[in-house]
Amino acid sequence: MLKQIRFKEMTPIILLTARVEEIDQLLGLGLGADDYITKPFSPRVLLARIKAILRRFQHNSENSQLIRIGDLEIDSYQVLASAKGQALNLTPTEFKLLQHLASYPGRAISRSELLEASMPESEALERAIDSHMKNLRQKLDEAGLANLINTVWGVGYRLEMLS
């Protein structure tokens, strides 16, 4: 079962077992487990190991994250966005806005959440997002991706899910 899980996805896996033999540990880790904990165990140690694996897993997934939605491609590691193979010349704020919207396609995202995601250190008002969004939409339109970002009245914005 561990091999099948690893073949399909990169879910973090900790084996928690009473099997303490070295061969069992080597086999479990060799099949793709991220950690191997034997009984009895301390709940604090288990929690610390879970946090360590999740930190590593999240760091690796952030560094290699490539988001594709239709003809839009966002490479978070290289901080590059392209539409239909053409590089988009985005400002850092526009890139962060697009990245955050693309991380949750189809979901309405409030201006305050977008402000925090794109300009956390800024004291700008939520409406400042509107002007950045106008520029981002214009660049997407010029690249052939019109109507990719829609306004959700009274809430904020939504990136439409494309096939």
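1. In this predicted model, the exposed residues Lys134 and Glu142 are carried on the face of helix H6 that is turned away from its buried side. The buried residues of H6 are Ile129, Met133, Leu136 and Leu140; they lie on the same side of H6 because the arc they cover around the axis is only 65°.

2. Helix H6 comprises residues 128–142, 15 residues in total, and its first and last C-alpha atoms are 22 Å apart, close to the 21 Å expected at 1.5 Å a residue. After H6 comes Gly144, whose phi is positive, near 95°.

3. As for what the buried side of H6 meets, its buried residues pack against strand E4, helix H4, helix H5 (111–118), strand E8 (149–152) and strand E9 (156–159).

4. The pairing of H4 with H6 deserves a separate look. Their axes come within 10 Å and cross at roughly 80°, and the two helices are therefore roughly perpendicular to each other. On the H4 side the contact is made by Thr93, Glu94, Leu97, Leu98 and Leu101, while H6 contributes Ile129, His132, Met133, Asn135, Leu136, Lys139 and Leu140. Among these H6 residues in the contact, Ile129, Met133, Leu136 and Leu140 are also the buried residues of the helix.

5. Helix H4 (residues 92–103) also lies across strands E3, E4 (72–75) and E5, and runs at about 110° to E4. These strands belong to an open sheet of 4 strands, in the order E3-E4-E5-E6, with antiparallel pairing. Its edge strands are E3 (66–69) and E6 (86–87), each of which pairs on one side only.

6. Within that sheet, strand E5 (residues 80–83) and E6 run antiparallel and are joined by 2 bridges. Ala83 stands opposite Gln86, the latter lying in E6.

7. Which residues does Thr38 contact, leaving aside its neighbours within four places in sequence? They are Thr17, Arg19, Val20 and Gln25. Thr38 itself lies in strand E2 (residues 35–38), and because its relative accessibility is 22%, Thr38 counts as partly exposed, the cut-off for buried being under 20%.

8. A last point concerns the separation of Thr38 from Trp153: these residues are 115 residues apart along the chain, and their C-alpha atoms are separated by 53 Å in the predicted model.

Note on methods. Residues numbered from 1 in each chain as written. Predicted model: local features only at pLDDT ≥ 70, side-chain atom pairs only at ≥ 80, totals over all residues. Heavy atoms only, no water. Pairing = 2+ DSSP bridges. Contact = heavy atoms within 4.5 Å. Axes fitted to C-alpha atoms, helices over the stretch in contact; angles between N-to-C directions. Expected span 1.5 Å × (residues − 1). Buried < 20%, exposed > 50% of the residue type's maximum accessible area, 1.4 Å probe, protein only. Arc of directions from axis to C-beta. Parallel < 35°, antiparallel > 145°, perpendicular 65-115°, else oblique.
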